Amino acid sequence: MSSAARRKPAFIPSSSAEAVLAESAGDAAFATTLAKGLVVLEAFEAGAPMLGNMELAARTGIPRPTVARLTHTLAELGYLRYDEDLAKYRLAARVLRMAHPLLSGMQFRQVARPLMQELAASVRGTVSIGLLDGTATIYVETARSGDVGPHVPDIGMPIPVVSTAMGRAAAALLPAAESALLEQQIMADDAALWSAHRDKYQAGIRQCADRGFCTCFGEYMPSIHAVAAPLFCAQSLGQFFSINCGIPAFRLQSGQLEAEIGPRIRALAVSIRALANEAEPTIEPREPNKKKTAKSGRG
């Protein structure tokens, strides 16, 4: 199969290097060893910052002898660091170098941050910008007040599209046909998660079309309520961004998220677009999801 025929929409890359590895059997142009090395790097996460070869083999499905060669090579290149006392690896500083060229291309973050910080301090919460990446949105900028409770967003942290206001606002930027592909990928990745959040996810996208923002009441993290607005599809990057505001639930009065915080995050999105010289996005209206019901035998 030609590379052109295999090309996926740019807004929905495969959810992981592991997924690409599984899909690319028989592709003579595909560098399998390189892909396995990236699979190993992606196995590290905030909840598992240090992993041994056996753990990496279990997480990735790659045989342990192959993992051992990959981790040794990655450590020699500076992407992993080995702890002799624990006999485990952790990500090393060279990984950060890879992120810098991407982040430096998002110059709007610098002009947006003072406005984000002002809102975060005003509502005693967090204000963050996220980038759509497959079935997740990744934080690329964040501002917070002093005490924001258990959820402290940071640059590079992914959160699911389907169960978050930020994810829904980013997905609202997609054309309807591409949005359908994203929904298929979410369902393929985790059918139970899609089933649990589908209706609120689709309602959130419609909210963005109708009023310019959507809400999320503790679906991702019970103690945090959030509102988010579509930001823009960056002309130079071809990537989709949204902006959110998360506030500890106990600080909110009834109806405040919709009546006050939502319009403020929508207005903040307008201001950032103006500073970044980005156009206001056009959000295609979506039809409500129609559940299929089984026909009864009775008339």
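# Briefing on a predicted protein chain

Of the 299 residues in the protein chain, 43% are buried, where buried means under 20% relative accessible area, exposed over 50%, and partly exposed in between (1.4 Å probe, protein chains only). This is a predicted model, in which local features need pLDDT of at least 70 and side-chain atom pairs count only at pLDDT 80 or more, while totals for chains, interfaces and linings use all residues. Residues are numbered from 1 along each chain as its sequence is written, and side-chain values use heavy atoms, with hydrogens and water left out.

**Confidence**

- The protein chain has a mean pLDDT of 87, and 88% of its residues reach 70 or more; pLDDT is the predictor's confidence in each residue, from 0 to 100.
- Residues 1–10 have pLDDT below 50, and the model gives this stretch seven contacts beyond near neighbours in sequence. A contact means heavy atoms within 4.5 Å.
- Residues 291–299 also stay under 50 in pLDDT, with two contacts beyond four places in sequence.

**Overall build**

- The protein chain holds eleven helices and nine strands. Helices (H or I, at least four residues) and strands (E, at least two) are DSSP runs, numbered from the N terminus.
- Among contacts in the protein chain with a separation of 6 or more, 59% are between residues 24 or more positions apart.
- The accessible surface of the protein chain is about 15,900 Å², and carbon and sulfur atoms make up 54% of it. Areas come from the Shrake-Rupley method with a 1.4 Å probe; for residues, only the protein chains shown count as cover.

**Cysteines**

- A disulfide is a covalent bond between the sulfur atoms of two cysteines. Here a disulfide is counted when a pair of cysteine sulfur atoms lies within 2.5 Å, and by this rule the count is zero.
- The cysteine sulfur closest to that of C208 is in C214, at 3.8 Å, which is too far for a bond. Seen from C214, the closest cysteine sulfur is that of C208, again at 3.8 Å.
- C208 is buried at 3% relative accessibility, and C214 is buried at 0%.

**Aromatic pairs**

- A pair of aromatic rings is described by the distance of the centres and the angle of the planes.
- Rings of Phe, Tyr and Trp (its six-membered ring) pair if their centres lie within 6.5 Å; planes under 30 degrees apart count as stacked, over 60 as edge-to-face and the rest as tilted.
- The structure has five aromatic pairs. One of them joins F108 and F241 edge-to-face, with 5.0 Å between centres and 75° between planes.
- F108 belongs to helix α7 (residues 108–123) and F241 to strand β9 (residues 240–248), so this pair ties together parts that are 133 residues apart in sequence.
- F108 counts as buried at 9% relative accessibility, and F241 counts as buried at 0%.
- The ring centres of W194 and Y201 are 5.5 Å apart with planes at 70°, so that pair is edge-to-face. W194 and Y201 are both buried.
- One aromatic cluster is made up of F108, F232 and F241.

**Salt bridges**

- Side chains of opposite charge can pair when their charged atoms come close. A salt bridge is counted when a side-chain nitrogen of Lys or Arg is within 4 Å of a carboxyl oxygen of Asp or Glu.
- The whole structure contains seven salt bridges, including one between R59 and E45 with an N to O distance of 3.5 Å.
- R59 sits in helix α4 (residues 53–60) and E45 in the loop between α3 (32–42) and β1 (50–51), 14 residues apart.
- R59 is partly exposed at 38% relative accessibility, as is E45 at 47%.
- E55 and K88 form a salt bridge whose closest N and O atoms are 3.5 Å apart. E55 is in helix α4 and K88 in strand β3 (residues 88–91), so the pair ties together parts that are 33 residues apart in sequence.
- E55 is partly exposed, with a relative accessible area of 32%, and K88 is partly exposed at 25%.
- E141 and R109 form a salt bridge at 3.1 Å, N to O. E141 is in strand β5 (residues 136–144) and R109 in helix α7, so the pair ties together parts that are 32 residues apart in sequence.
- E141 and R109 are both buried.
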